Amino acid sequence: MLRRYGAQNWWPAQSRLEVIVGAYLTQNTNWSNVEKAMANLRRARVLSIRGLREISLPRLQKLVRPSGYFRQKAKKVKTFIRFLDKKYGGSLDRMFARPTPQLRDELLALSGVGPETADSILLYAGNRQVFAVDAYTRRILGRHGIITPKAGYEEIRSLVERTVIGAASGSLVAVKHGSEPRHPVSRMSRAPRSELVQHYNELHALIVRVGNQYCRSTPKCEDCPLKEFLPSYARLT
């Protein structure tokens with residue numbers, strides 16, 4: 001995938017808070033809709049902890065409307081800010097100083113935060129060594145016979161993490177060629193991170209790219225960079 005596409009420059013954000021807000025807004029929608037909502041927040045100059053704390057809920061709902069489910073999402077963002085204020089004095093530095101397992105449990109306890117959202121926050125905003133599983137991951141691994149239809153989120157996450165850790169160091173991130181980056185370089189996408197975190201970052205972004213382009217409800221396998229790994233392809237060759 002990396003040979004085909006190159007680095008995806010994900011997450012396209014200028015701050016950790018933007019990543020967190022984006023992780024909420026991207027639930028049940030595509031990223032182009034999230035970008036519209038994020039642009040509204042920037043124009044309104046409320047894309048900060050103070051700004052999100054002080055903005056009224058009705059106005060926040062209006063600003064994030066392009067992302068869909070705007071009432072629920074605005075409420076979830078407000079819930080996160082209250083959690084950050086109460087637990088960590090409004091400081092992301094203090095929050096991300098928390099050990100990963102404990103912070104993950106705290107995030108999962110928040111209204112509107114499931115495993116994918118929690119792991120996206122940990123990986124992309126906190127540079128933690130966790131892999132975020134999404135619907136594309138499940139679909140691609142399932143169609144390649146790697147997981148069963150009943151595989152749960154934690155089973156899939158554990159499988160990917162064990163496999164990556166067990167692979168040769170640098171086998172993914174060392175490959176830099178590819179001509180189709182998905183997003184412009186952002187402050188967060190170029191932030192320093194460990195090799196393993198960068199590995200998870202690129203792997204997840206590339207899975208989304210392939211899933212969106214090829215592994216759709218009706219798959220387009222012929223030109224997919226993962227075609228040769230399909231069980232059906234192996235039987236034909």
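Visitor: What kinds of residues make up the lining of the largest cavity?

Guide: The lining divides into 9 nonpolar, 1 polar and 3 charged residues. Nonpolar here covers Ala, Val, Leu, Ile, Met, Phe, Trp, Tyr, Cys and Pro; Asp, Glu, Lys and Arg are charged, and the others, Gly among them, are polar. Bear in mind that this is a predicted model, where local features need pLDDT of at least 70 and side-chain atom pairs 80 or more, while totals for chains, interfaces and linings use all residues. Numbering starts from 1 along each chain, and side-chain values use heavy atoms, without hydrogens or water.

Visitor: What makes a space a cavity?

Guide: On a 1 Å grid over the protein atoms alone, a 1.4 Å probe fits there but cannot get out, and lining residues have an atom within 4 Å of a point. That rule gives 2 cavities of 30 Å³ or more. The largest holds about 90 Å³, a volume being the space filled by probe spheres set on the joined grid points. It is lined by 13 residues, with His-144, Cys-215, Cys-221, Cys-224 and Leu-230 nearest its centre.

Visitor: How do you know that Cys-215 is in no disulfide?

Guide: A disulfide needs two cysteine sulfur atoms within 2.5 Å, and the search of the whole structure finds 0. For Cys-215, the nearest cysteine sulfur, in Cys-221, is 6.7 Å away. From Cys-221, the closest cysteine sulfur is in Cys-224, at 6.6 Å, too far for a bond.

Visitor: Why is Cys-215 called buried?

Guide: Its relative accessible area is 8%, and buried means under 20%, exposed over 50%, partly exposed in between (1.4 Å probe, protein chains only). Cys-221 has 33%, so it counts as partly exposed.

Visitor: What makes helix H9 largely enclosed?

Guide: Of its 11 residues (115-125), 9 are buried, so the rest of the structure largely encloses H9. Helices are DSSP runs (H or I, at least four residues), numbered from the N terminus. Among the buried ones are Asp-119, Ile-121 and Tyr-124. The buried residues pack against H2 (16-25), H7 (92-96), H8 (100-108), H11 (153-166) and H12 (195-213). Just after H9, Asn-127 takes a positive phi of about 50°.

Visitor: Why is Arg-138 counted as partly exposed?

Guide: Arg-138 has 32% relative accessibility, so it falls in the partly exposed class. Arg-138 is found in helix H10 (residues 135-143).

Visitor: Which residues is Arg-138 in contact with?

Guide: Contact means heavy atoms within 4.5 Å. Leaving aside neighbours within four places in sequence, Arg-138 touches Ile-147, Pro-149, Ala-151, Gly-152, Tyr-153 and Ile-156.

Definitions and conventions. On a 1 Å grid over the protein atoms alone, a cavity is a set of points where a 1.4 Å probe fits but cannot get out, and a pocket is an open set with protein on both sides within 12 Å along at least five of seven lines; lining residues have an atom within 4 Å of a point. Helices (H or I, at least four residues) and strands (E, at least two) are DSSP runs, numbered from the N terminus.
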